[in-house]
Amino acid sequence: MLAKQISIFIENKEGRLAEVTAILRDANVNIRALSLADTTDFGVLRLIVNDNEKAELALKKEGFTVGITQVLAVEVSDEPGGLNKVLDPLCEQDVNVEYMYAFANPQCKNAIMIFRFDDPEKALKILAERSIKVITGKEISDL
């Protein structure tokens, strides 16, 4: 039930983000979710896309450093405390969130949060025990 995330290391300079998105456009890859974190010299662009293999090949062909990371995509209720319903049971069992970001789910009113956990298998088990919906990579591609 883990989803794949593409991480791209890009220089923090004008036009580099547009270059990445143009490469993906030309490869007919659709971006479903993204997060960009930067430092003075470079950034890490994290993407959930509809075709990981195509995206990775296209980006590497153009000289970008690309990594694949396993993440969990979790449906979160769009209501006060919705995120806490996910985080509280994980916190109780000492699962750490390394980072997270969200995107809107066009098929329902809930959000989808992308999580990178220090122990994804343990997190997956805890979420299943609480009947918290985890979205597969295939389901994200089909959105």
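Aspartate 94 is exposed, at a relative accessible area of 67%. Exposed means over 50% relative accessible area, buried means under 20%, and partly exposed is in between, with a 1.4 Å probe and protein chains only. Keep in mind that this is a predicted model: local features need pLDDT of at least 70, side-chain atom pairs count only at pLDDT 80 or more, and totals for chains, interfaces and linings use all residues. Residues are numbered from 1 along each chain as its sequence is written, and side-chain values use heavy atoms, with hydrogens and water left out.

Where is aspartate 94 found? In the loop between helix H3 (82-92) and strand S5 (97-104). Helices (H or I, at least four residues) and strands (E, at least two) are DSSP runs, numbered from the N terminus.

Now the backbone. Most residues other than glycine have a negative phi. Aspartate 94 is not a glycine, yet its phi is positive, about 60°.

Next, serine 131. Its phi is positive too, about 55°, and it is not a glycine. Serine 131 lies in the loop between helix H4 (120-129) and strand S7 (134-135). Serine 131 is exposed, at 68%.

Now serine 7, in strand S1 (residues 3-11). Serine 7 counts as buried because its relative accessibility is 7%. Beyond its neighbours within four places in sequence, serine 7 is in contact (heavy atoms within 4.5 Å) with Val44, Leu45, Arg46, Thr65, Val66, Gly67 and Thr69.

Last, confidence. The pLDDT, the predictor's confidence in each residue from 0 to 100, averages 90 over the chain. Helix H5 (residues 137-141) is lowest, at a mean of 77. Helix H2 (residues 52-61) is highest, at 96.
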